[in-house]
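Reader: Hello! Could you show me how to read the pockets and the sheet of a model like this one?

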Amino acid sequence: MSFVIQKSTLDFLKKLSSHNDREWFNKHKEEYLQAQQNAIEFADRLIGLMNKHDQIETPSGKKSLYRIYNDVRFSKDKSPYNPRFAGYLRRHKPLLRGGYYWWIKSGASRVSCGFAYPNPEDLKRIRSDIRDNFDAWTKLLRAKAILTNFGTMEGEKVTTTPKGFDKDDPAIDLLRYKQFWFTRSFTDKEVLAPGFLNRVDKTFKSIRPLFDYMSDVLSTDLNGEPIN
(Lines give C-alpha, C1' and ligand atoms only; values in the text may rest on other atoms or scores of the structure.)
Protein backbone atom coordinates (compact mmCIF):
# COMPACT_ATOMS: atom_id res chain seq x y z
CA MET A 1 0.00 0.00 0.00
CA SER A 2 1.37 3.43 -0.94
CA PHE A 3 2.16 5.98 1.73
CA VAL A 4 -0.47 8.62 2.50
CA ILE A 5 -0.79 11.68 4.68
CA GLN A 6 -3.49 10.65 7.13
CA LYS A 7 -6.71 12.63 7.32
CA SER A 8 -6.22 12.65 11.10
CA THR A 9 -3.00 14.63 10.56
CA LEU A 10 -4.80 17.44 8.75
CA ASP A 11 -7.69 17.23 11.23
CA PHE A 12 -5.28 17.72 14.13
CA LEU A 13 -3.70 20.76 12.47
CA LYS A 14 -7.12 22.22 11.75
CA LYS A 15 -8.17 21.79 15.39
CA LEU A 16 -4.86 23.23 16.62
CA SER A 17 -5.48 26.31 14.49
CA SER A 18 -8.80 26.83 16.29
CA HIS A 19 -7.50 25.93 19.77
CA ASN A 20 -4.03 27.40 19.77
CA ASP A 21 -3.27 27.24 23.48
CA ARG A 22 -1.12 25.08 25.71
CA GLU A 23 -3.98 23.59 27.72
CA TRP A 24 -5.70 22.20 24.62
CA PHE A 25 -2.40 21.02 23.13
CA ASN A 26 -1.42 19.14 26.28
CA LYS A 27 -4.79 17.40 26.38
CA HIS A 28 -4.30 16.27 22.78
CA LYS A 29 -0.57 15.45 22.98
CA GLU A 30 -1.11 11.88 21.79
CA GLU A 31 -2.90 13.11 18.66
CA TYR A 32 0.00 15.49 18.03
CA LEU A 33 2.60 12.72 18.35
CA GLN A 34 0.71 10.48 15.91
CA ALA A 35 0.35 13.33 13.41
CA GLN A 36 3.99 14.29 13.84
CA GLN A 37 5.08 10.71 13.15
CA ASN A 38 3.02 10.71 9.95
CA ALA A 39 4.82 13.89 8.83
CA ILE A 40 8.23 12.45 9.73
CA GLU A 41 7.51 9.32 7.70
CA PHE A 42 6.46 11.50 4.76
CA ALA A 43 9.80 13.33 4.90
CA ASP A 44 11.75 10.07 5.35
CA ARG A 45 10.17 8.59 2.25
CA LEU A 46 10.61 11.83 0.30
CA ILE A 47 14.34 11.83 1.10
CA GLY A 48 14.55 8.23 -0.09
CA LEU A 49 12.88 9.06 -3.39
CA MET A 50 14.91 12.18 -3.98
CA ASN A 51 18.21 10.45 -3.30
CA LYS A 52 17.55 8.38 -6.41
CA HIS A 53 18.07 11.49 -8.55
CA ASP A 54 19.73 14.01 -6.20
CA GLN A 55 22.04 14.07 -3.19
CA ILE A 56 20.18 15.13 -0.04
CA GLU A 57 22.38 15.97 2.91
CA THR A 58 19.52 16.02 5.46
CA PRO A 59 19.88 12.59 7.10
CA SER A 60 16.30 11.89 8.12
CA GLY A 61 12.73 13.13 8.12
CA LYS A 62 13.00 13.92 11.82
CA LYS A 63 16.08 16.09 11.20
CA SER A 64 14.24 17.97 8.44
CA LEU A 65 11.23 18.81 10.61
CA TYR A 66 10.70 22.32 11.97
CA ARG A 67 9.47 22.75 15.52
CA ILE A 68 5.74 23.23 15.93
CA TYR A 69 6.36 25.68 18.77
CA ASN A 70 6.37 29.38 17.89
CA ASP A 71 9.12 31.71 19.05
CA VAL A 72 6.93 34.51 20.38
CA ARG A 73 9.67 36.66 21.95
CA PHE A 74 9.72 39.22 19.15
CA SER A 75 6.30 38.60 17.59
CA LYS A 76 2.98 40.36 18.02
CA ASP A 77 1.28 37.01 17.54
CA LYS A 78 1.66 35.19 20.86
CA SER A 79 0.07 31.94 19.68
CA PRO A 80 2.27 29.21 21.15
CA TYR A 81 2.02 26.85 18.16
CA ASN A 82 2.34 27.01 14.40
CA PRO A 83 -0.43 24.70 13.09
CA ARG A 84 1.59 23.05 10.34
CA PHE A 85 4.20 20.40 9.80
CA ALA A 86 7.06 21.65 7.68
CA GLY A 87 10.64 20.85 6.88
CA TYR A 88 13.76 21.62 4.86
CA LEU A 89 15.80 19.26 2.69
CA ARG A 90 19.37 20.40 2.15
CA ARG A 91 21.38 19.38 -0.93
CA HIS A 92 24.92 18.13 -0.45
CA LYS A 93 27.17 21.16 -0.06
CA PRO A 94 29.36 22.83 -1.20
CA LEU A 95 28.91 21.77 -4.82
CA LEU A 96 25.14 21.24 -4.91
CA ARG A 97 23.22 24.44 -4.30
CA GLY A 98 19.57 25.15 -3.58
CA GLY A 99 17.15 23.76 -1.04
CA TYR A 100 13.72 22.15 -0.84
CA TYR A 101 10.92 23.03 1.60
CA TRP A 102 7.58 21.40 2.35
CA TRP A 103 4.54 22.48 4.38
CA ILE A 104 1.57 20.34 5.42
CA LYS A 105 -1.20 22.60 6.65
CA SER A 106 -4.96 22.32 6.32
CA GLY A 107 -6.00 24.59 3.46
CA ALA A 108 -2.48 25.87 2.83
CA SER A 109 -0.14 22.98 1.97
CA ARG A 110 2.69 23.75 -0.42
CA VAL A 111 6.22 22.94 -1.48
CA SER A 112 8.91 25.47 -2.32
CA CYS A 113 12.46 25.39 -3.55
CA GLY A 114 15.19 27.74 -4.64
CA PHE A 115 17.49 30.31 -3.07
CA ALA A 116 15.76 32.29 -0.35
CA TYR A 117 18.63 34.36 1.04
CA PRO A 118 21.82 34.17 -1.06
CA ASN A 119 24.77 35.73 0.72
CA PRO A 120 26.13 38.94 -0.89
CA GLU A 121 28.98 37.12 -2.65
CA ASP A 122 26.68 34.49 -4.15
CA LEU A 123 24.09 37.08 -5.13
CA LYS A 124 26.70 39.12 -6.99
CA ARG A 125 27.93 35.98 -8.79
CA ILE A 126 24.34 35.07 -9.78
CA ARG A 127 23.67 38.57 -11.09
CA SER A 128 26.90 38.57 -13.07
CA ASP A 129 25.84 35.35 -14.75
CA ILE A 130 22.37 36.75 -15.48
CA ARG A 131 24.00 39.75 -17.14
CA ASP A 132 26.39 37.59 -19.17
CA ASN A 133 24.00 34.73 -20.00
CA PHE A 134 20.54 36.29 -20.08
CA ASP A 135 19.36 34.05 -22.92
CA ALA A 136 20.28 30.93 -20.96
CA TRP A 137 18.39 32.21 -17.92
CA THR A 138 15.35 33.04 -20.04
CA LYS A 139 15.34 29.52 -21.44
CA LEU A 140 15.70 27.94 -17.99
CA LEU A 141 12.89 29.97 -16.43
CA ARG A 142 10.55 29.34 -19.37
CA ALA A 143 11.12 25.58 -19.37
CA LYS A 144 7.82 23.73 -19.65
CA ALA A 145 8.46 21.62 -16.54
CA ILE A 146 9.03 24.70 -14.36
CA LEU A 147 6.06 26.62 -15.76
CA THR A 148 3.78 23.59 -15.35
CA ASN A 149 4.81 22.83 -11.77
CA PHE A 150 5.57 26.26 -10.36
CA GLY A 151 4.57 28.99 -12.78
CA THR A 152 6.78 32.06 -12.71
CA MET A 153 9.64 32.67 -10.31
CA GLU A 154 8.89 34.53 -7.06
CA GLY A 155 11.10 36.44 -4.67
CA GLU A 156 11.93 39.87 -3.30
CA LYS A 157 13.46 42.48 -5.60
CA VAL A 158 15.36 45.69 -5.09
CA THR A 159 13.60 48.74 -6.52
CA THR A 160 16.80 50.38 -7.76
CA THR A 161 19.56 49.19 -10.05
CA PRO A 162 21.94 46.79 -8.25
CA LYS A 163 25.36 48.31 -7.67
CA GLY A 164 27.74 47.55 -10.52
CA PHE A 165 25.03 46.88 -13.10
CA ASP A 166 23.46 48.95 -15.87
CA LYS A 167 19.90 50.22 -15.51
CA ASP A 168 19.47 49.82 -19.29
CA ASP A 169 20.59 46.18 -19.30
CA PRO A 170 17.99 43.98 -21.10
CA ALA A 171 18.09 41.68 -18.07
CA ILE A 172 17.46 44.49 -15.53
CA ASP A 173 14.14 43.08 -14.27
CA LEU A 174 15.76 39.74 -13.50
CA LEU A 175 18.88 41.43 -12.10
CA ARG A 176 16.75 43.14 -9.46
CA TYR A 177 15.83 39.82 -7.83
CA LYS A 178 17.54 39.06 -4.55
CA GLN A 179 15.59 35.84 -4.01
CA PHE A 180 15.02 33.06 -6.54
CA TRP A 181 12.01 31.18 -5.30
CA PHE A 182 9.45 28.70 -6.66
CA THR A 183 6.25 27.53 -4.96
CA ARG A 184 3.50 25.05 -5.71
CA SER A 185 0.33 24.78 -3.62
CA PHE A 186 -1.75 21.67 -3.01
CA THR A 187 -5.36 21.27 -1.91
CA ASP A 188 -6.23 19.09 1.08
CA LYS A 189 -7.68 16.54 -1.35
CA GLU A 190 -4.37 16.38 -3.22
CA VAL A 191 -2.40 16.07 0.03
CA LEU A 192 -4.52 13.13 1.20
CA ALA A 193 -4.35 11.30 -2.13
CA PRO A 194 -2.15 8.17 -2.39
CA GLY A 195 0.04 9.75 -5.09
CA PHE A 196 0.92 12.91 -3.16
CA LEU A 197 4.40 11.75 -2.13
CA ASN A 198 5.36 10.96 -5.73
CA ARG A 199 3.88 14.27 -6.94
CA VAL A 200 6.09 16.19 -4.51
CA ASP A 201 9.15 14.21 -5.61
CA LYS A 202 8.42 14.86 -9.31
CA THR A 203 7.72 18.52 -8.60
CA PHE A 204 11.09 18.94 -6.91
CA LYS A 205 12.81 16.98 -9.69
CA SER A 206 11.47 19.44 -12.27
CA ILE A 207 13.59 22.27 -10.82
CA ARG A 208 16.83 20.32 -11.24
CA PRO A 209 17.97 21.89 -14.56
CA LEU A 210 17.96 25.29 -12.85
CA PHE A 211 19.57 23.93 -9.67
CA ASP A 212 22.28 22.19 -11.68
CA TYR A 213 22.96 25.39 -13.61
CA MET A 214 23.11 27.44 -10.40
CA SER A 215 25.44 24.87 -8.82
CA ASP A 216 27.84 25.29 -11.73
CA VAL A 217 27.64 29.08 -11.47
CA LEU A 218 28.19 29.22 -7.71
CA SER A 219 31.08 26.77 -7.71
CA THR A 220 33.07 28.60 -10.43
CA ASP A 221 34.47 32.09 -10.91
CA LEU A 222 33.69 34.47 -13.78
CA ASN A 223 36.26 32.63 -15.93
CA GLY A 224 34.57 29.30 -15.32
CA GLU A 225 37.38 28.10 -13.06
CA PRO A 226 36.47 26.03 -9.96
CA ILE A 227 36.38 27.99 -6.70
CA ASN A 228 38.67 26.45 -4.10
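Author: Gladly, and residue classes come first: Ala, Val, Leu, Ile, Met, Phe, Trp, Tyr, Cys and Pro count as nonpolar, Asp, Glu, Lys and Arg as charged, and the others, Gly among them, as polar. By these classes, the lining of the largest pocket holds 11 nonpolar, 3 polar and 2 charged residues. Please keep in mind that this is a predicted model, where local features need pLDDT of at least 70 and side-chain atom pairs count only at pLDDT 80 or more, while totals for chains, interfaces and linings use all residues. Residues are numbered from 1 along each chain as its sequence is written, and side-chain values use heavy atoms, leaving out hydrogens and water.

Reader: What volume does the largest pocket have, and which residues lie nearest its centre?

Author: On a 1 Å grid over the protein atoms alone, a pocket is an open set of points where a 1.4 Å probe fits, with protein on both sides within 12 Å along at least five of seven lines; lining residues have an atom within 4 Å of a point. Points are joined across faces, edges and corners, and the volume is the space filled by probe spheres set on them. Here that gives about 290 Å³. Of 16 lining residues, L141, R142, M153, D173 and L174 lie nearest the centre. Helix α6 (134-141) supplies the largest share, 4 residues; helices (H or I, at least four residues) and strands (E, at least two) are DSSP runs, numbered from the N terminus.

Reader: And which elements line the second largest pocket?

Author: That pocket has a volume of about 240 Å³. K93, G98, F115, Y117 and P118 are the closest to its centre among 16 lining residues. Two or more residues come from each of β1 (85-90), β2 (99-104) and β3 (109-115). Its lining has 8 nonpolar, 4 polar and 4 charged residues.
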